[in-house]
Amino acid sequence: MTPYRPHTPTAWFQVPPEPAAAGGPAPATMLFCLPHAGAGASAYRRWPALVGAAAEVVPVQLPGRENRFGEPPATRADEVVDELADRMLERAAHHPRMVLFGHSMGALLGYELAHALTARGRAPDHLFASAHRAPSLPRGRDDVHRLPREELVAHLMRMEGTQPEVLAHPDLLDLLLPVVRADYALCETYRFTPRPPLSVPITVLGGSGDPGVRPEHLTAWEELTTGPFRSHLLPGGHFYLHDRLADIVSVLTAGPGALAAPAGGTV
């Protein structure tokens, strides 16, 4: 049997600098990880080592950041979802299971991708949605993408998701803020489309101290699927995942075993 080797990077999919050990059997599950606003695939660089052999971690690289810096960032979800769904199906063609994880903006994209993949004949096996209210709920504020520079920087400081040295460096801000504005525009101009609920199992996660995503915003995701539903609150704010990564991975691998091969399945 040919030893398994993770895929090489492409424009849409990056392999983090800390890949899980190769050479063993191919993981049954491909775990696509979708970033939050302003972030790139490197936000998931620590995941492969923690997830281990449970899944092949594939961070998604959206246009406008890191190795795709020269491309304009998307400002609407459909600009991303239509092409990305096709690329995901190609990438996961030889994996029996496909799981999505998205944090904040990534959770919103994950929901739309779950519908797009279902329409293409291969629904994901699980959707993990982190730090985002159910897409069916009214949005909070919708003006962040239009804020003046100083107010936008102050907003990012309050969110505590961007390194302070980046926010204090004018040249780095010049690179970051256009991507942040585009990502916030994507979220704030999103319009929920009523559709039959997914049949995909959904697990939602959130920070217990996140003022913008309260527990009832998370549990409202249950109405969007006929499949199994779980909800988990972890200590922290909107970016609790920076400090609670091990706990998040435990949620991904606990309970019904979302990242494990189904009983009798092929690994």
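# Briefing: fold, cores and ring pairs

In the protein chain, residues 24 or more positions apart account for 79% of the contacts with a separation of 6 or more. The model is a predicted one. Its protein chain holds eight helices and six strands. Buried residues make up 49% of the 267 residues.

**Overall layout**

- Along the sequence, the pattern reads β-α-β-α-β-α-β-α-α-α-β-α-β-α.
- The protein chain exposes about 12,100 Å². Carbon and sulfur atoms supply 56% of that area.

**Nonpolar cores**

- The largest nonpolar core has 43 residues. Phe32, Val60, Leu84, Met88 and Trp221 touch the most other members.
- Seven elements each supply at least two residues of this core: E1, helix H2 (77-91), E3, H3, E4, helix H6 (170-188) and E5.
- H3 gives the largest share, nine residues.
- A second, separate core has 22 residues. Among them are Ala55, Val99, Phe128 and Phe239.
- Met88 is worth a look in the viewer. Neighbours within four places in sequence aside, Met88 is in contact with Phe13, Phe32, Leu34, Val60, Met98, Leu100, Leu113 and Leu117. Phe32 and Val60 are also listed with Met88 among the residues of the largest core that touch the most other members.

**Aromatic pairs**

- The count of aromatic pairs is six.
- Tyr44 and Phe101 form one of them, edge-to-face. The centres are 6.2 Å apart, with 85 degrees between the planes.
- Tyr44 lies in the loop between strand E1 (29-34) and helix H1 (47-51), and Phe101 lies in strand E3 (residues 97-103), so this pair ties together parts 57 residues apart in sequence. Tyr44 and Phe101 are both buried.
- Tyr111 and Trp221 form another edge-to-face pair. Here the values are 6.0 Å centre to centre and 80 degrees between the planes.
- Tyr111 sits in helix H3 (residues 105-119), and Trp221 in the loop between helix H7 (215-219) and strand E6 (229-234), so the pair ties together parts 110 residues apart in sequence. Both Tyr111 and Trp221 are buried.

**Charge over a ring**

- The charged end of Arg68 sits over the ring of Trp12. The distance to the ring centre is 4.3 Å.

**Helices with a buried face**

- Helix H8 (residues 245-253) has Leu245, Ile248, Val249, Val251 and Leu252 buried. Viewed down the axis of H8, the buried residues fall within an arc of 155 degrees, so they line one face of the helix.
- The cover over the buried residues of H8 includes E1, H1, E3, strand E4 (126-130), strand E5 (202-207) and E6.
- Helix H4 (residues 149-159) has Leu152, Val153, His155 and Leu156 buried. These residues cover an arc of only 155 degrees around the axis, which puts them on the same side of H4.
- Glu150, Met157 and Arg158 are exposed. They lie on the face of H4 turned away from its buried side.

**Gly206 in strand E5**

- Gly206 lies in strand E5. Its relative accessible area is 1%, so Gly206 is buried.
- Apart from neighbours within four places in sequence, Gly206 is in contact with Ala131, Leu218, His232, Leu233, Leu234 and Tyr240.
- The C-alpha atoms of Gly206 and Ser231 are separated by 8.3 Å. These two residues are 25 residues apart along the chain.

- Glu66 has a phi near 50 degrees, a positive value in a residue other than glycine. Glu66 is in the loop between strand E2 (56-59) and H2. Its relative accessibility is 39%, so Glu66 counts as partly exposed.
- Ala131 has a phi near 60 degrees, again a positive value in a residue other than glycine. Ala131 is in the loop between E4 and H4. Its relative accessibility is 2%, so Ala131 counts as buried. Ala131 is also one of the contacts of Gly206.

Notes: Residues are numbered from 1 along each chain as its sequence is written. This is a predicted model: local features need pLDDT of at least 70, side-chain atom pairs count only at pLDDT 80 or more; totals for chains, interfaces and linings use all residues. Side-chain values use heavy atoms; hydrogens and water are left out. Rings of Phe, Tyr and Trp (its six-membered ring) pair if their centres lie within 6.5 Å; planes under 30 degrees apart count as stacked, over 60 as edge-to-face and the rest as tilted. Helices (H or I, at least four residues) and strands (E, at least two) are DSSP runs, numbered from the N terminus. Buried means under 20% relative accessible area, exposed over 50%, partly exposed in between (1.4 Å probe, protein chains only). A charge sits over a ring if NZ of Lys or CZ of Arg is within 6 Å of the ring centre and within 35 degrees of the ring normal. The arc is that of the directions from the helix axis to the C-beta atoms. Contact means heavy atoms within 4.5 Å. A nonpolar core is a set of buried Ala, Val, Leu, Ile, Met, Phe, Trp, Tyr and Cys residues joined through side-chain atoms within 4.5 Å. Accessible areas come from the Shrake-Rupley method with a 1.4 Å probe; for residues, only the protein chains shown count as cover.
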